[in-house]
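Hi,

Here is the structure I promised to pass on. Have a look at it first, then read my notes below.

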Amino acid sequence: MPRGIPNAKKDDSGMRYTSMHVPLAPNPKHVGTSYLKSETQTIWARNAARKKELVAEEIAPSPEQRRGFHVIVIHPGSRFLRIGRASDVTPASIPNVIARRHKPPAPVPTYVEGISRPRKGQVPQLSVSASPNGDEYAVDITSDDPFDTKMGSIIVSLRERMRFYKLRVTPHAASIASTFNEQFKPEIIPELNDPFLVDWIQDPLEDSEVLVGERALLLSDPQLLNYSVKWPIHGKSFNTRDYPSHQMILDDIESIISTVLNERLNLRRPDYKDYSVVLVIPDFYDRAYVREFVNVLLVSLGFKQICVQQESLAATYGAGISSACVVDIGAVNSSIACVDEGLVISDSRITLNMGGDDITEFLYVLLERISFPYRDINLARWYDWAVMEDLKARLCTLAEGDVALNLYDFVVRKPGKPTEKYGLRAYDEIILAPMCIFEPRVIEFDRKHIGLRSIPHPDVTEEIIEHPTDHVTQAMIISTQHLLPPPSTAPTDVRHSSIPINQSQDETTAVVENGGKQEQQEVSLPSTAHATPPPAVESSAQSVVGASGGVPADAPMEVIDVEGDVKPSAILVPPQPQPSQSSVPVTSNYSGLGIDVCFEASKLPLDVAIFNSARASGGDDKIRKHLQAVLVIGGSALIPGMAHALESRLQAIATPLVPSMDKVQIIPPPKEVDPRVLAWKGAAVLGKMDSAADLWLTPADWDVLGMRGLRERCFYL
């Protein structure tokens, strides 16, 4: 450097973005302020002090009003919105649907098929008749149709359970039922003799721009009457498939809530400022869903304050227990989460992309194979969908003893036509339909995923630091561990494993090597146990890593006789590694796992997902604790035999994998409480408690803090 030029100071930061002088950080030793050093200086303490000053101005409840009269509890779902005062015994259950007047031409109603279909024009080639060696439980698959292969695996599982319970199989039942259904002619019921005659809306309504709930479903032909019928909620988030803009979804939700409050609870908008709201959200929630919903209730509708609670925790409040594994089988999704001493274990949450709607659609597919007498059915029309829902509620069962070649009847009410009464004969279709949640091979998960999009842009960050469990939980990682890359490229955290790795590997090796010897791991099945799913596992997403050593918890269990023992024993067989063949693009590749863990985990059978959720909650003691308190809620919990079907399947999975495992227990809901409203009842209990005073978030807090305010008021955000 030339002499006379001072040494230029090296600039490590490169080019400066501004010429403004940035002062240095203050020395903490010189700071003498006490700002925010005590609890009394927080915004919550200031608000509490302000409330004490305004107590005299608030409306004092009259003596005849019950506690919780000024608290509204809202539980939105895919099919029904349950809403009511916390002081009410039961909520108002309204179909969560809205019909808006649309400029012609109105959109054509669409239906996304979520169940596999047999090939067009192909006669079922599945034979379940007795084999030449006299085995009445044999299933002969002679078709090359993939649907028949999937059906065969489900029927094999059913036949093995019937064999275990020593139930006879009716030969040629499908052909007998099909012959009867083909020849059946419907009976016309006159209007005077129909006690449940439907008053359809067949003429355009001049004064009704918006129809909500049951009225929206009374439209005879929405397209002809220039109405657009939409369901704003889909599973655990918004229905982005049918809406071009998420603001339109929020407008419809606001219209539905305000209309229902006006018609059912006689509440007008000016009265909302005097009412508090308890909102029930899904366990594995989307943060954007919570933010937008709270914004609708506090800002758009103007309620006094809000409290947000998760479904599982609300269900335990309603059942009066502090710890349970809560299984919510909804219309679109099924969610599982473990609650331990009044707190949802975040790592145990898992959501399955199947529910009651899949059972309804699968029942329709099965009945079509035996010549369903109502041949003009179209599931895109609501009144035809209601026919299948009625058949599901009355016919479906999970009790093997109820399988028989019985005669059923159902009524079809169509707008502008007389009521028709049909007869129907069915055999095992009534139990195969609900078995799809335990054998989800027939569900088209990739097709159900099409068209749905997330509301927030992935590049937009929240003001709350995101945690890995916001997107992927430990239960999901356990469930998809067999799909993850090898440990050399992506090491897996096995600290949460409930079973020692070496022990599980040694036991599995002994099972395979010793064959039928007594050294193998034999499972003693109690009287409620059964033969578990068939040996063939098609989808690699349905086998679950059971101990972190690489043995799937849902590994196929072959039913064999051990040294002449008549009672079947479930023997763990290591699975063959199969590559993932998912065609869905990776949309939630968080933590660098390489696959869409949330989507792959949503394909699990229900019983395996429950076991993995319990495994993710902690060690062996936690697994035993939660499997002995399984609480099933939701509409599909009403299927007869659901408790026994879950108990037997969970027992067969847990007994060989959990040391000292006692009997799995399904907790029934409290007496005379509908499992569909149990979560709402629990949220109503919370809304009436004095201890909930610290959980309320006011519009002023929401305006200043946003989602950070909810995080301060809720344990889980």
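**What's in the core**

The largest nonpolar core has 97 residues, and F362, L606 and L627 have the most contacts inside it. A nonpolar core here is a set of buried Ala, Val, Leu, Ile, Met, Phe, Trp, Tyr and Cys residues joined through side-chain atoms within 4.5 Å; buried means under 20% relative accessible area, exposed over 50%, and partly exposed in between (1.4 Å probe, protein chains only). There's also a second, separate core of 46 residues, which includes I257, L297, L298 and M707.

Before you go on: this is a predicted model, so local features need pLDDT of at least 70 and side-chain atom pairs count only at pLDDT 80 or more, while totals for chains, interfaces and linings use all residues. Residues are numbered from 1 along each chain as its sequence is written, and side-chain values use heavy atoms, with hydrogens and water left out.

Now the rings. Phe, Tyr and Trp rings (for Trp, the six-membered one) pair if their centres lie within 6.5 Å; planes under 30 degrees apart are stacked, over 60 edge-to-face, and the rest tilted. That rule gives 12 aromatic pairs. One of them is Y111 with W385: the centres are 5.9 Å apart and the planes at 50°, so this pair is tilted. Y111 is partly exposed at 29% relative accessibility, whereas W385 is buried at 3%.

How are the rings of F410 and Y422 arranged? They're stacked, because their planes are at 10°, with centres 5.3 Å apart.

Cheers
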